[in-house]
Amino acid sequence: MTLENPPAIDPSLVSRVKYILSRPKFEWPVIDAESATIKGLFTRYAMVLAAIPAVATLVGQIAFWHRGPVAPLLGAVMSYVLSLVSVYVLGLIIDALAPTFGGTRNPVKAMQVAVYSMTPAWVAGVLNVVPTLSWLAGLLGLYGFYLLYLGLPALMKTTADKALGYTIVVVVAAIILWTIVAALVGAVIASFAIVGLGAAAFALS
């Protein structure tokens with residue numbers, strides 16, 4: 001099997017997850033040949049997979065940290081929504097930067113790169129169900145940077161000599177977005193913890 005003869009297109013979610021993780025060099029050309037919409041990318045793929053780390057984190061916090069459900073639930077909802085928003089923004093950034101690196105602007109393909117490159121982070125997020133393994137989820141999610149490196153030239157048609165620079169700029173943007181999301185979610189959870197401690201102190205006084 002060669003890149004000139006990629007496997008047949010299989011649009012199902014399970015197959016897409018399997019192939020983008022196990023053989024991305026073959027899968028990006030398949031994705032490039034597909035007819036897609038931004039709405040479809042989110043409703044049929046991103047919204048499903050992004051729920052994995054959010055739900056796993058919620059279960060882990062309640063089961064292992066013995067927290068009440070309110071703060072973890074709010075944190076899970078926020079992380080889920082902001083994860084989708086950050087991926088959408090990343091897609092816009094990828095599209096806007098394409099001409100700078102010798103590529104062609106295409107909002108749908110840019111969103112495909114952003115969404116499918118998040119697959120490792122979303123799938124590995126299942127490990128968040130055990131809080132002590134969350135670092136491993138983050139480590140495995142770094143595979144998404146490699147997917148970006150392969151996907152940008154394949155879909156955005158950037159020149160080979162500029163693919164690495166394009167990838168680095170997009171990765172920096174992604175890290176900034178994820179840092180903002182983590183800070184916002186952490187601030188909300190912390191504020192609920194403070195309120196809870198204050199209420200407990202008041203009840204004991």
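Predicted model: local features only at pLDDT ≥ 70, side-chain atom pairs only at ≥ 80, totals over all residues.
Visitor: Which residues does UniProt list as "transmembrane region"?
Guide: The unreviewed entry lists 45-65, 77-98, 133-152 and 164-181. Those positions are in the numbering used here, feature names are shortened, and annotations may be inferred rather than shown by experiment.

Visitor: And what about 77-98, how far apart are its ends?
Guide: Its end C-alpha atoms lie 32 Å apart, and the span is 95% helix and 0% strand.

Visitor: OK, switching to salt bridges. How many are there?
Guide: The structure holds 5, counting a side-chain nitrogen of Lys or Arg within 4 Å of a carboxyl oxygen of Asp or Glu. One of them pairs Arg16 with Glu34, the closest N and O atoms being 2.5 Å apart. Arg16 sits in helix 1 and Glu34 in the loop between helix 2 and helix 3, 18 residues apart.

Visitor: Are Arg16 and Glu34 buried or exposed?
Guide: Both are buried, meaning under 20% relative accessible area; exposed is over 50% and partly exposed is in between (1.4 Å probe, protein chains only).

Visitor: What does Asp32 pair with?
Guide: Lys157, with the closest N and O atoms 2.8 Å apart. Asp32 lies in helix 2 and Lys157 in the loop between helix 9 and helix 10, so the bridge ties together parts 125 residues apart in sequence. Asp32 is partly exposed at 21% relative accessibility, and Lys157 is partly exposed at 41%.

Visitor: Now the largest nonpolar core. Which members touch the most others?
Guide: Trp28, Ile94, Val115 and Trp122, out of 37 residues. A nonpolar core is a set of buried Ala, Val, Leu, Ile, Met, Phe, Trp, Tyr and Cys residues joined through side-chain atoms within 4.5 Å.

Visitor: Which helix gives the largest share of this core?
Guide: Helix 9, with 7 residues.

Visitor: And what does Val115 touch?
Guide: Leu41, Phe42, Tyr45, Ala46, Val87 and Trp122, leaving out residues up to four places away in sequence. Contact means heavy atoms within 4.5 Å.

How values were computed:
Residues numbered from 1 in each chain as written. Heavy atoms only, no water. Helix = DSSP H or I, 4+ residues; strand = E, 2+ residues; numbered from the N terminus.
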